Amino acid sequence: MPTTPPSTRAPRRDAAENREAILTAAAAALNDDIDASLETIAARAGLSRRAIYGHFATRDDLLVDVFTRGAARVAALLEPVAHPDARVEIALFGATLWSEVEHVRVNAQLAVRGPHRARVAEALEPARRRLRQTVERGVAEHSLREDIDVDTVARLIENAAIAVLDEATRTGLSRDAGHRLVMLSGLSAAGLGWRDADELVAETPELALQEEPV
């Protein structure tokens with residue numbers, strides 16, 4: 001007798017919605033308390049702890065999904081960022097990153113510093129390639145530092161952004177202060193003097209802090 005082919009049906013809508021609710025609740029709960037329990041996350045999602053285990057075998061698995069999903073979103077947001085001036089493009093990378101993570105800065109810090117950073121780094125790889133290409137262009141145009149190789153400069157810019165995230169988490173840096181600092185730090189790592197970096201930010205309309213969506 002012919003065998004019935006395995007089902008390729010999409011998961012039920014309620015299951016997909018529950019998973020989304022869990023991830024959203026986990027991101028919010030972990031940002032309030034990085035040690036938030038599964039019970040806390042489940043309650044925030046309006047579900048039972050058992051429902052979470054229907055999607056994630058362990059709390060660690062849930063954290064990996066929260067962090068890598070956030071990193072993939074950041075990479076997708078950075079992909080269309082472009083400007084004829086490589087210096088401005090680098091500042092825009094920093095500003096875009098900050099606008100995405102500043103409201104979940106605890107999560108973001110743990111994602112890039114914590115035990116799952118290797119998985120997060122994989123999700124961020126497209127953004128890292130974009131940054132390297134921008135640095136390479138700026139060096140070729142003599143607008144960025146040429147005393148250090150391109151890969152190192154790109155890593156220094158990335159590390160500058162992470163340092164701002166650390167500072168923001170530690171001191172409660174305001175949204176506008178973080179926006180400015182992440183751009184200035186990245187430009188400094190790219191080779192600009194602080195006066196030149198400050199002037200570039202002040203004189204470039206695209207680098208102004210955008211209003212938060214209502």
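Guide: Glu 100 is buried, with a relative accessible area of 15%; here buried means under 20% relative accessible area, exposed means over 50%, and partly exposed is in between, with a 1.4 Å probe and protein chains only. The model is predicted, so local features need pLDDT of at least 70 and side-chain atom pairs count only at pLDDT 80 or more, whereas totals for chains, interfaces and linings use all residues. Residues are numbered from 1 along each chain as its sequence is written, and side-chain values use heavy atoms, with hydrogens and water left out.

Glu 100 belongs to helix α5. Helices (H or I, at least four residues) and strands (E, at least two) are DSSP runs numbered from the N terminus. Leaving aside residues up to four places away in sequence, Glu 100 touches Arg 73, Val 74 and Leu 77. Such a contact means heavy atoms within 4.5 Å.

Helix α5 also holds Ile 90, which counts as buried at 4% relative accessibility. Beyond residues up to four places away in sequence, Ile 90 touches Leu 131, Thr 134, Val 135 and Leu 144, and also Ile 157, Gly 186, Leu 187 and Ala 190. Ile 90 and Glu 136 are 46 residues apart along the chain, and their C-alpha atoms are separated by 11 Å.

A nonpolar core is a set of buried Ala, Val, Leu, Ile, Met, Phe, Trp, Tyr and Cys residues joined through side-chain atoms within 4.5 Å. The largest such core has 61 residues, and those with the most contacts inside it are Leu 62, Ile 90, Val 135, Ile 157 and Leu 187. Helix α8 provides the largest share of this core, 9 residues.

Val 135, named among those core residues, touches Ile 90, Leu 144 and Val 150, as well as Val 153, Ala 154 and Ile 157, again not counting residues up to four places away in sequence. Val 153 counts as buried, at 0% relative accessibility. With residues up to four places away in sequence left out, Val 153 touches Val 135, Arg 145, Ile 148, Ala 189 and Ala 190. From Val 153 to Val 139 there are 14 residues in sequence and 9.9 Å in space, C-alpha to C-alpha.

Between α7 (117-140) and α8 runs a loop that contains His 142. His 142 is not a glycine, yet it has a positive phi of about 65°. His 142 is exposed, with a relative accessible area of 59%. Helix α7 itself contains Glu 125, which is partly exposed, with a relative accessible area of 35%. The C-alpha atoms of Glu 125 and Ala 168 are separated by 24 Å, and the two residues are 43 residues apart along the chain.

Helix α5 also takes part in the packing of α10: the buried residues of α10 pack against α5 (86-101) and α9 (175-189). In α10, residues 194-203, the buried residues are Ala 197, Leu 200 and Val 201. These three lie on the same side of α10 because they cover an arc of only 95° around the axis; the arc is that of the directions from the helix axis to the C-beta atoms. On the face of α10 turned away from its buried side are the exposed residues Arg 195, Ala 202 and Glu 203.

Another loop, between α3 (49-53) and α4 (59-78), includes Thr 58. Thr 58 counts as partly exposed, at 37% relative accessibility. Thr 58 and Val 106 are 48 residues apart along the chain, with 21 Å between their C-alpha atoms.

The chain as a whole can now be described. There are 10 helices and 0 strands, and the order of elements from the N terminus on is α-α-α-α-α-α-α-α-α-α. The chain has 214 residues, of which 41% count as buried. Among contacts with a separation of 6 or more, 67% are between residues 24 or more positions apart. Along its principal axes, the C-alpha trace spans about 70 × 50 × 35 Å.
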